[in-house]
2 protein chains.
Amino acid sequence: MADRFGEPLPDALFERLTIVGVGLIGSSLLRVARQRNLARTLVAVDASEAVCTRVREIGIADEVTSDARDGVRGSDLVILCTPVGVIANVARDIAQHLTANAILSDVGSVKGAVVAGIQPHLPASVHFIPAHPVAGTEYSGPDSGFSTLFVDRWCILTPPEGTDAQAIEKFQAFWSEAGSNVEIMTPSHHDLVLAITSHVPHLIAYNIVGTAADLEEVTQSEVIKFSAGGFRDFTRIAASDPTMWRDIFLNIRDAVLEMLGRFNEDLAALQRMIRWGDGQGLFDLFTRTRAIRRSIIAQGQETQAPDFGRRSAPPDQ
Amino acid sequence: MADRFGEPLPDALFERLTIVGVGLIGSSLLRVARQRNLARTLVAVDASEAVCTRVREIGIADEVTSDARDGVRGSDLVILCTPVGVIANVARDIAQHLTANAILSDVGSVKGAVVAGIQPHLPASVHFIPAHPVAGTEYSGPDSGFSTLFVDRWCILTPPEGTDAQAIEKFQAFWSEAGSNVEIMTPSHHDLVLAITSHVPHLIAYNIVGTAADLEEVTQSEVIKFSAGGFRDFTRIAASDPTMWRDIFLNIRDAVLEMLGRFNEDLAALQRMIRWGDGQGLFDLFTRTRAIRRSIIAQGQETQAPDFGRRSAPPDQ
């Protein structure tokens with residue numbers, strides 16, 4: 001796992017890093033920042049007093065506060081890790097309290113709506129570099145984070161045109177040191193790409209789990225018992241944080257509806273193949289999809305261990 | 001993993017076990033039968049000479065032949081592990097060569113069509129007990145099997161009315177010794193249950209992977225890079241054996257179309273929630289689905305390790 005990790009940096013990359021919202025991503029950033037010396041001082045901000053208390057207990061930050069304005073003061077890097085629905089509000093709230101030349105970023109899974117909600121409210125002296133690390137697990141909260149979450153994953157940056165090149169470079173270094181590959185694209189292209197690689201997959205996972213729960217002919221207990229037939233795979237992402245995902249779907253409507261339209265068209269064609277017994281059509285699709293997984297494994301984005309390496313499939317021959 | 005495994009049986013449960021079709025399931029059965037002494041002599045039959053050669057090399061059977069009629073002669077247990085599309089043909093081919101009082105079974109993911117295709121052709125002296133072990137990985141072939149594949153998984157039996165009770169009991173013992181829990185139901189109920197827990201999940205996984213491969217606005221390379229956003233989860237079951245899954249969908253049309261209809265209705269409602277910004281509706285669904293995963297984990301059908309325990313999520317805090 002530590003293949004991309006070298007020695008921690010001799011000098012901290014940033015003086016003072018503030019993380020606003022200490023969930024899975026925020027707490028993972030604090031952990032890797034400490035481990036790799038990415039900032040001299042780590043500040044954690046969370047609106048929930050319970051989360052602040054827990055962050056103090058596990059000791060992953062130097063300073064902890066529930067007051068975002070206080071927390072960002074003097075920081076040369078501020079990363080908003082709240083659910084997408086409140087990122088813009090928080091940004092507007094802290095805008096006038098940011099230090100000149102600070103980098104302001106976020107980790108939201110939606111970029112178009114977030115950028116539109118933040119950019120007009122920022123002082124010109126702040127470097128705004130939206131980001132989206134494509135990494136996560138189905139768990140949430142400050143205890144669920146870990147320092148290697150970003151290793152070998154991709155982080156997408158969507159800096160507005162005219163953003164200071166040195167600031168971008170320094171922020172790219174931050175993510176590289178956290179273990180990530182970095183790619184730059186526009187917010188609208190980001191939203192299309194993520195609609196198909198993340199948002200629609202979550203949507204149909206939530207949907208099928210809901211469908212299964214509502215059946216009358218098949219009991220809930222049967223769904224659970226026989227879930228190893230494939231269903232249980234979908235329950236993982238359908239166990240992700242409900243607030244986070246509600247906010248994503250409310251803020252990325254057009255891209256998701258566009259990709260969902262494609263999915264539905266293709267599903268109708270597939271349904272027709274089954275109804276009319278088109279074995280060749282089914283076989284061709286099922287062969288094509290196999291190749292894509294091979295590429296994902298070859299590019300280090302997936303394990304080749306059978307069954308994701310779940311405990312049920314140890315190689316023991 | 002060996003929690004349900006005790007000592008191997010002192011006396012073999014069956015005299016002679018013939019496995020027809022040595023893929024993931026067939027080769028796993030041979031391995032566990034050897035390890036647990038479930039049959040004195042193990043016979044492997046496969047229509048492919050290449051598979052027969054490989055089975056001889058890895059030494060998981062006492063006898064290996066490509067001639068099914070030869071292979072089943074004298075066996076008191078015969079299990080057909082071929083793709084669903086050829087099970088009935090194989091059964092008809094061997095029917096008159098089966099020993100009196102032999103148990104004939106299969107492992108097909110479809111029960112209604114398979115039972116209808118086999119039952120009328122069997123001699124009255126044979127005990128026909130169709131089975132479906134709900135277990136597997138995305139890999140196929142004789143090298144992909146392992147002896148613990150069935151541990152803590154469910155095996156569904158669908159014996160026709162009037163089947164000899166002692167034969168059922170002995171065959172249940174076989175699956176219990178292989179590590180499985182056993183449940184008995186009718187073929188048509190089996191097909192409904194599996195349509196929602198296995199067939200429709202596979203169908204929509206194949207479908208979204210196909211949709212992603214066909215996009216123009218998003219490149220294949222982007223789909224692969226950013227697949228950790230959720231998409232890659234679907235590629236696992238969409239990498240399953242194309243022949244096996246073609247046959248399943250051709251043989252279980254009605255149950256799959258019924259469940260797919262429910263899925264589509266629910267997806268239309270979800271799509272509408274997104275279009276109209278119904279945050280409460282989204283939140284309620286996303287909360288409900290979380291609970292189902294918790295039950296699946298609690299009942300030992302899934303790991304609670306984050307991200308399926310993939311190498312990308314070690315706990316290191």
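In chain B of this predicted model, six strands form an open sheet in the order E3-E2-E1-E4-E5-E6, with parallel pairing; two strands pair if DSSP finds at least two bridges between them. Strand E3 (63-65) and strand E6 (127-128) of chain B stand at the edges with a single partner strand each, so one side of each has no neighbour in the sheet. Helices (H or I, at least four residues) and strands (E, at least two) are DSSP runs, numbered from the N terminus. Residues are numbered from 1 along each chain as its sequence is written, while chains are lettered from A and ligands numbered from 1 in the order in which they are written. Because the model is predicted, local features need pLDDT of at least 70 and side-chain atom pairs count only at pLDDT 80 or more, whereas totals for chains, interfaces and linings use all residues.

**The sheet of chain B**

- Strand E2 (residues 39-45) of chain B is joined to E3(B) by three bridges, and these strands run parallel.
- Within this pairing, B:Val64 in E3(B) is the bridge partner of B:Ala44.
- Helix H1 (residues 24-36) of chain B lies across strand E1 (14-20), E2 and strand E4 (77-80) of chain B, and runs at about 160° to E2(B); such angles run from 0 to 180 degrees between N-to-C directions, with axes fitted as lines to C-alpha atoms, for helices over the stretch in contact.

**The sheet of chain A**

- Chain A also has an open sheet of six strands, in the order E3-E2-E1-E4-E5-E6 and with parallel pairing.
- At its edges stand strand E3 (63-65) and strand E6 (127-128) of chain A, each with a single partner strand, so one side of each is left without a neighbour in the sheet.
- Helix H1 (residues 24-36) of chain A packs on the sheet, where it touches E1, strand E2 (39-45) and E4 of chain A, and its direction makes about 160° with that of E2(A).
- Strand E1 (residues 14-20) of chain A pairs with E4(A) in the parallel sense over four bridges, and A:Leu17 stands opposite A:Leu77 in E4(A).
- Four bridges also join E4(A) to strand E5 (residues 103-106) of chain A, again in parallel; here A:Leu77 stands opposite A:Ile103, and A:Leu80 has A:Asp106 as its bridge partner.
- Strand E4 (residues 77-80) of chain A is covered on both faces, with A:Leu77 and A:Ile79 on one side and A:Val78 and A:Leu80 on the other, all buried; a residue is buried if 20 or more other C-beta atoms lie within 10 Å of its own, exposed if 12 or fewer, and partly exposed in between, the C-beta atoms being placed from the backbone.

**Chain A as a whole**

- The secondary structure of chain A comes to twelve helices and nine strands.
- A compact globule of 317 residues would have a radius of gyration near 20 Å, and the 21 Å of chain A agrees with this; the radius is taken over C-alpha atoms, and the globule rule is 2.2 Å times the number of residues to the power 0.38.
- The C-alpha trace of chain A spans about 65 × 45 × 40 Å along its principal axes, and 56% of the 317 residues count as buried.

**The two domains of chain A**

- Chain A is divided into domain 1 (2-185) and domain 2 (190-301), with bounds that come from an automatic or database domain assignment.
- The centres of domain 1 and domain 2 of chain A, taken over C-alpha atoms, are separated by 30 Å.
- In chain A, 15 residues of domain 1 are in contact with 17 residues of domain 2, where contact requires C-beta atoms, placed from the backbone, to lie within 7 Å.
- Helix H4 (84-94) and helix H5 (112-118) of chain A each supply at least two residues of the side of domain 1 that touches domain 2.

**Where chain B meets chain A**

- Between the chains, 98 residues of chain B are in contact with 99 residues of chain A.
- The largest share of the side of chain B that touches chain A, 19 residues, comes from H7(B).
- B:Arg153 is found in the loop between strand E7 (131-133) and strand E8 (154-157) of chain B, and its contacts beyond four places in sequence include A:Ala228 and B:Ser180.
- B:Arg153 counts as buried because it has 23 C-beta neighbours inside 10 Å.

Key
Contact = placed C-beta atoms within 7 Å.
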